[in-house]
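Here's a quick briefing to read with the model open beside you. Have a look at the fold, then come back for the details.

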Amino acid sequence: MENKSIEVILGNSNRRFSGVTSTMLRVLEHHKGKIGISVMGKHHLPEDVPSISFWRCAKLCRSTLPNEKFRVFHARRNNEVIQALILKKIFKAKIKIIFTSTAQREHTWITRWLIKRVDCLVATCSGAAAVLKRKPDKMIPHGVDINTYRLPNEGKKIAWESLGYPGKYGIGIFARVRQQKGIGILVDAMIPIMKEDPSPTVLIAGETTKSHENFVADLKAKIKSEGLEKRILFIGKVHYAEEVPRLMRGLSIVTALSTIEGFGLPILEAMSSGCAVVASRTGAWEDIIVPEEHGLLVPCNDVKATQEALKKLTSNSESLEKMGLRGRDRIAEGFTIENEANSLLELYKSVQY
């Protein structure tokens with residue numbers, strides 16, 4: 001891509017692959033060919049995605065585009081806003097700064113200071129908007145690829161059997177294995193249910209870092225003491241692009257029980273794959289899930305409420321697939337990656353003048 005055609009610059013400051021990185025790359029796939037776009041930082045970029053250095057960006061952005069249009073700098077992290085402000089205030093870059101905020105906790109003073117100075121503020125859900133001191137200019141929820149996260153052609157029963165796990169159907173959770181993600185809540189809620197009902201198997205999919213190994217060891221000891229070590233399984237880190245969609249197609253229920261969450265894509269991915277869901281009241285989940293239609297919502301850190309919700313769903317396992325189909329429709333109607341990409345594209349064009 002010729003540098004002169006660059007209209008949008010995306011921040012990409014984190015060397016570690018994260019959910020923010022994943023979101024940026026997924027949306028970028030839908031923007032290529034529709035707008036001149038480049039990424040500041042080479043981390044995790046496919047070969048066909050152009051990158052631009054800070055210094056090259058500073059030089060390029062000293063002039064406006066044809067018709068006196070400004071370039072757009074889209075930041076999703078604090079340090080990316082800082083980079084953009086340095087470009088704008090010190091190097092006199094002709095840019096408009098967009099910042100997407102997903103956090104649902106009280107912002108630090110530095111974040112509040114930065115937010116005051118961006119040209120356009122985007123929130124991803126009502127929870128993220130509620131903690132902002134400044135009203136967001138736009139609400140743009142994340143979306144998922146409904147072709148990747150799709151219904152199983154053969155139905156849930158056969159899709160589950162193809163995974164090779166025991167039980168008649170599966171219940172899953174996809175998160176780094178730590179207390180804040182509600183892994184212990186799920187285990188404590190499911191133990192009494194599974195002691196009475198031999199049908200479900202629980203899959204805990206996610207990486208365990210060294211600092212949380214003791215937490216996992218204690219959970220495994222508890223599970224073993226109840227004789228459920230062959231039915232509550234820690235399957236470790238799974239390949240996001242290949243294994244996660246296949247697992248989602250086979251599962252009947254997916255849970256997301258974090259104590260705090262920025263957005264929470266696994267619930268969208270699960271619903272798109274035809275899973276009923278049980279989620280805590282954080283992230284974007286209250287915006288997405290209609291209780292009794294797509295699944296159930298529970299308070300954060302509430303084992304009893306989670307157990308009651310899961311008991312309600314597992315007691316009528318025949319209805320899970322119908323609930324999952326309604327969830328699929330919900331995602332297809334309003335939470336696709338195409339919706340997110342198109343909304344951002346319209347925003348980029350609207351702020352350039």
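Between which helix and which strand is the loop that holds Glu292? That loop runs between α11 (285–288) and β13 (295–298). Keep in mind that this is a predicted model.

- As background, most residues other than glycine have a negative phi.
- You'll find Asn67 in the loop that links α2 (54–60) to β4 (71–75).
- Asn67 counts as exposed because its relative accessibility is 65%, and exposed means over 50%.

**Helix α13**
- Helix α13 covers residues 320–334, which makes 15 residues.
- At 1.5 Å a residue, α13 should span 21 Å, and its end C-alpha atoms sit 22 Å apart, so the two values agree.
- The buried residues in α13 are Leu320, Met323, Gly324, Gly327, Arg328 and Ile331.
- Looking down the axis of α13, those buried residues fall within an arc of 150 degrees, so they line one face of the helix.

- Ser252 lies in the loop between α9 (243–250) and β11 (253–256).
- With a relative accessible area of 10%, Ser252 is buried, because buried means under 20%.
- Setting aside neighbours within four places in sequence, Ser252 touches Lys156, Tyr169, Gly170, Cys275, Ala276 and Leu320.
- One of those partners, Leu320, is also among the buried residues of α13.

**The cavity**
- Rolling a probe the size of a water molecule over the atoms shows where empty space is left.
- Searching the whole structure turns up one cavity of 30 Å³ or more.
- The largest cavity has a volume of about 40 Å³.
- Its lining is made up of His74, Arg76, Thr100, Val122, Ile140, His142, Glu340 and Leu344.
- Sorted by class, the lining of the largest cavity has three nonpolar, three polar and two charged residues.

Key: Residues are numbered from 1 along each chain as its sequence is written. This is a predicted model: local features need pLDDT of at least 70, side-chain atom pairs count only at pLDDT 80 or more; totals for chains, interfaces and linings use all residues. Side-chain values use heavy atoms; hydrogens and water are left out. Helices (H or I, at least four residues) and strands (E, at least two) are DSSP runs, numbered from the N terminus. Buried means under 20% relative accessible area, exposed over 50%, partly exposed in between (1.4 Å probe, protein chains only). Contact means heavy atoms within 4.5 Å. The expected span of a helix is 1.5 Å times one less than its number of residues. The arc is that of the directions from the helix axis to the C-beta atoms. On a 1 Å grid over the protein atoms alone, a cavity is a set of points where a 1.4 Å probe fits but cannot get out, and a pocket is an open set with protein on both sides within 12 Å along at least five of seven lines; lining residues have an atom within 4 Å of a point. Grid points are joined across faces, edges and corners, and a volume is the space filled by probe spheres set on the points. Ala, Val, Leu, Ile, Met, Phe, Trp, Tyr, Cys and Pro count as nonpolar, Asp, Glu, Lys and Arg as charged, and the others, Gly among them, as polar.
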